[in-house]
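Dear colleague,

Please find below the structure that I am handing over to you. My notes on what was found in it follow directly after.

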Amino acid sequence: GKGGKGGSGGVGDAGLGAGSGAFRLDMGQAIEDDGKPQDPLTEAQKEMAKKAYARRLQELAAQVPQLEKYQQLREAVRLQVAEMRIVLESHEARERERVWLRQQTHGELDDARLVDGITGARAIYVRRGEPDPGGFQGEQKLPKRMSFMLDISGSMYAFNRIDRRLDRLQELVVFLLEAFEGMERRYDIRMVGHSGTGAEAEKLVDWGKAPRTPAERLDIIERMGAHAQYCAPGDSSVAAVQAAIREVVKEPADEYFVFLVSDADLARYGITGDRVSKELMKDKRVRAYTVFISNKAGEADEIIRAVAPGRAHVCADNASLSTTFKTIFMHAMRIAEDAERT
C-alpha cells in the first residue's frame, strides 16, 4: 500500500509479512517506514492480490454478519452522532432564513433564463438572500450533494496497529451514515474509496442508495478493510478529488460538497499542500475540503498551512468529528454569503 519499499520487512508490502508485496498480513511483527514509495507490483503480484481480494470478499459474503462489530463502532461515535444531528438541524434552520432570490442583476447565472440573457435581459441571476417578508418561504427543493472520498490505501491497514487510522476511518463512516439517517431528502451522499488501485477503487455508497440496515453498513466497513489489505501500492488522492468534483456537479443540487479523507501520507508521493489546495479550489460551485485522520501531525500541519484557509482539517480523534464538520459547514455558509455580497 502506501508505504516503503517492497521485500520482506519494509512497509512497502506493508511490512506485514507479504514477501511478494502483493498483499499484507498483520501478524504482530515490527512495522518500519523508510518514507519511500513502494516499488510497483509485477503483473504476477497484481494477479495474486486480485485473487486474494476476491477470496476475501467471498468469505465476507458467506459469513453471518457480525453485527456486534457494527454495534461497537456505533457506540464509539454515539455522542458525536447526536452532536452532528444537532449541527445539521441548526444548519438547516439557518438556511431557512435565507432563500434563493431570482431575477437578480448579480449572483449565480440562472440556467432557466439563459435565453433571456442572450436577448439582453440583465436580471438573469439568482442569489441567496433574505426572503420577502410577505412572500412564501419555501423549503429546500433540491438536496445537497456530498461526495466523500475515503482513503483505503495500504498504509491504512499497515499502520492501523500503531495509530488505529483504519479503525477511525471506519468509525467516521459509521458516524456519517448514522448522522445523516432520515435526512436523505436534504442530503444526498456518495462514498468512494481511493487507493493505489485507483481514484474510485471501491464504490461504497451511491447517490440515493444510502445503506439502511446495520448489516448493509457493516458490509461497507468490511469491504473497506479488505480493500486496504489487498490494494495496489500508491496514492490517488489528487485524482480522487478531481473525479469527485466532476461527479458531484452532474445533477442539480442546493449545494455541492466534496470531502477528501486521507491519512496525510502524501509527501512520499510528492503530493504537496499547494497541489491539494489547487484541486480543492478548482470549481467554485463546489465546497471541497480535506480531512486528515492520521496522527502524522507534522505532515498534516504542513499541508494545512499550504491549503486555502478553512479547507483542510485534522481530526485526530473521534471526539472532534462533529466539531470538525460544524466548522466546515460554518465555513461553507460564510463562502456563500461572501459570494452573494460581491
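**Findings**

Of the 342 residues in the protein chain, 52% are buried (buried means under 20% relative accessible area, exposed over 50% and partly exposed in between, with a 1.4 Å probe and protein chains only). This is a predicted model, in which local features need pLDDT of at least 70 and side-chain atom pairs count only at pLDDT 80 or more, while totals for chains, interfaces and linings use all residues. Residues are numbered from 1 along each chain as its sequence is written, and side-chain values use heavy atoms, with hydrogens and water left out.

The chain comprises 12 helices and 9 strands (DSSP runs numbered from the N terminus: helices are H or I of at least four residues, strands E of at least two).

**Salt bridges**

The structure holds 22 salt bridges (a side-chain nitrogen of Lys or Arg within 4 Å of a carboxyl oxygen of Asp or Glu). One of them joins K69 and E222, whose closest N and O atoms are 3.4 Å apart. Because K69 belongs to helix 2 (residues 67-76) and E222 to helix 8, this pair ties together parts that are 153 residues apart in sequence. K69 is partly exposed, at 26% relative accessibility, whereas E222 is buried at 12%.

A salt bridge also connects K144 and E255 (2.8 Å, N to O). K144 lies in strand 4 (residues 144-151) and E255 in the loop between helix 9 and strand 7 (256-262), so parts 111 residues apart in sequence are tied together. Both K144 and E255 are buried.

E178 pairs with R217 in a further salt bridge, with the closest N and O atoms 2.9 Å apart. E178 is in helix 7 and R217 in helix 8, 39 residues apart. E178 is buried at 10% relative accessibility, as is R217 at 4%. Together with R74 and E181, these two residues are linked in a network of salt bridges.

**Helix packing**

How do helix 9 and helix 10 pack, and at what angle? Helix 9 (residues 237-248) and helix 10 (residues 273-280) pack at about 5°, with their axes 9 Å apart (axes are lines fitted to C-alpha atoms, for helices over the stretch in contact, and angles run from 0 to 180 degrees between N-to-C directions). V238, V241, Q242 and I245 of helix 9 make the contact with R275, E279 and L280 of helix 10 (contact means heavy atoms within 4.5 Å).

S236 is found in the loop between helix 8 (214-230) and helix 9. S236 is buried, with a relative accessible area of 12%.

Yours sincerely
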